[in-house]
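Hello! Please open it alongside the text.

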Amino acid sequence: MSKFQLKWGILATGGIAETFARDLWPNPECRGVKDIEHTVVAAASSSSADRAQKFLKEVRAADSAKAYGSYKELAQDPNVDIIYIATPHSHHYQNAMLCLEAGKNVLCEKAFTTNAPQLEALIKKAKEKNVFLMEAVWTRYFPLSIYVRDIITSGKIGPVSRTSADLSMAMLPENTFDDSHRMVNPELAGGALLDLGIYALTWVFQTLYTTQKDPKAPSVLSTMRKYKLGTDEQTSMLLTFPATEARGEAHGIATTGMRTAADPDGKGTAGPAIRVQGEEGEIQVFHPAFRPTRTKLILKDGTVEDKEWPQPGPGKESGWKNGFGGDWQPEGEGQGMFWEADECAHALKEGRKEGQYESLQESLVIMQVMDEVRKQNGLKYPEKIETLDYPVDL
Ligand SMILES: NC(=O)C1=CN([C@@H]2O[C@H](COP(=O)(O)OP(=O)(O)OC[C@H]3O[C@@H](n4cnc5c(N)ncnc54)[C@H](OP(=O)(O)O)[C@@H]3O)[C@@H](O)[C@H]2O)C=CC1
Ligand SMILES: O=C1OC[C@@H](O)[C@H](O)[C@H]1O
């Protein structure tokens, strides 16, 4: 059987671009995926073509891969099937529009855009060009996430009425980040909400919204503690999801922050970061919410199922070098970003224009929730990064 080949272009050469591109290197067969192949055929850096060339070497791309010194050249490369966008949040709208305008399929890092109207404009453009568009919320595509959603839809824990999810990582911003860093800088749409809070929201949504046949957008109440630069360093959200066919009203509690830790000792002693609670039991997921590797199912009848979910990889012997994962990524394992890449390949192979575990509609509802949270707490980014105008030189 011939395999479906997906040829990737990587837009930007920072931290996550490197991790993602490294994750494309192991043969998908090492995770049981037999029908597709990924190849990095080009990369672009806004700094220089030399930087892109160095990047391609670091991620083991073939010598034939093209190195570009501008994103525009990458968007126009006819050999590229899909572009992975790995710039700061502030730039996603402009970068994605550039690629969609050029007729490219796009996988765009989270948070998709700075606001919901920008995302609506991207969705409209993707439809007009008849291309694929997906937000790179990689966690959604893990077998662990599929298992959790299946537990819910199977009815095993009964109707779910509450999910609480925390992604807090004690990295005191004043000691960790320069004022120009994307995690705190308003010019780059920094702050906990768009960077980390989106994972707490992902768990609330994929358990209370994605699992429903007739999902409805939630209402939201929120509070925010601001950093000295005006971006948020801690945000707490209480979401109310209307009743559906399968359950009554449900509450989602999503918290995020840079001052407290979901896992203070790094050993899971504090308990689960995520609890999905139903009438017959609950399913727990352990920190970190973006790359969890442990779940615990606890049922009223006394059943307890503790499960580990190591990320597959090519093994230590392959000489494969770990990426961004650091402590979370034992040697020989992959980071786990390949699951979302596999979803892109399967979607394009099947002719789908969006991901199967997070529709564009759902990404939009989440973006609307984040807009509302910012509105309730007076967090605005500079006009040039919230605008619908295109092109804007950032
Ligand atoms: N899924 C995940 O686990 C993770 C996702 N992310 C997401 O990935 C995105 C990028 O994060 P990360 O890789 O950590 O960021 P980095 O700062 O490491 O890299 C961002 C890259 O974007 C390009 N860029 C273009 N314009 C700018 C600008 N004005 N300021 C800074 N960089 C610019 C640069 O590449 P060049 O010079 O080559 O053009 C830069 O290297 C964010 O959306 C973030 O939320 C981040 C970490 C983990
Ligand atoms: O997506 C992410 O996951 C890991 C975090 O450390 C990082 O800040 C964030 O962008």
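**Around ligand 1**

The element α4 gives the largest share of the shell around ligand 1, three residues. Before going further, please note that this is a predicted model, in which local features need pLDDT of at least 70 and side-chain atom pairs count only at pLDDT 80 or more, while totals for chains, interfaces and linings use all residues. Residues are numbered from 1 along each chain as its sequence is written, chains are lettered from A and ligands numbered from 1 in the order in which they are written, and side-chain values use heavy atoms, with hydrogens and water left out.

Which residues come nearest to ligand 1? Of the 23 residues around it, they are T13, S45, S46, S47 and Y71; a residue is counted as near a molecule or strand if one of its heavy atoms lies within 4 Å of it. By class, this shell holds nine nonpolar, ten polar and four charged residues. Here Ala, Val, Leu, Ile, Met, Phe, Trp, Tyr, Cys and Pro count as nonpolar, Asp, Glu, Lys and Arg as charged, and the others, Gly among them, as polar.

Taken alone, ligand 1 exposes 890 Å², and the protein buries 79% of that (accessible areas come from the Shrake-Rupley method with a 1.4 Å probe; for residues, only the protein chains shown count as cover). Two or more residues of the shell come from each of α1 (15-23), α4 (89-101) and α8 (192-208). Helices (H or I, at least four residues) and strands (E, at least two) are DSSP runs, numbered from the N terminus.

**Around ligand 2**

The residues around ligand 2 are K110, M169, R182, M183, D195, L196, Y199 and F290. They divide into five nonpolar, no polar and three charged. An oxygen atom of ligand 2 is 2.6 Å from an N or O atom in the side chain of Y199, and for the side chain of K110 the corresponding distance is 2.8 Å. R182 has a polar side-chain atom 3.2 Å from an oxygen atom of the ligand. On its own, ligand 2 exposes 270 Å², of which the protein buries 85%.

**Two residues to look at**

E37 is part of strand β2 (residues 36-44). Is E37 buried or partly exposed? E37 counts as partly exposed because its relative accessibility is 29%, where buried means under 20% relative accessible area, exposed over 50%, and partly exposed in between (1.4 Å probe, protein chains only). Leaving out residues up to four places away in sequence, E37 touches K3, F4, Q5, L6 and P28, contact meaning heavy atoms within 4.5 Å. The side chains of E37 and Q5 are joined by a polar contact of 2.8 Å; such a contact is a pair of N or O atoms within 3.5 Å, and within protein one must be able to donate a hydrogen and the other to accept it, with residues adjacent in sequence counting only if both atoms are side-chain atoms.

T387 sits in the segment after α11 (383-386). With a relative accessible area of 9%, T387 is buried. Its side chain reaches the backbone nitrogen of D389 at 2.9 Å. Not counting residues up to four places away in sequence, T387 touches Y93, Q94, Q118 and V392.
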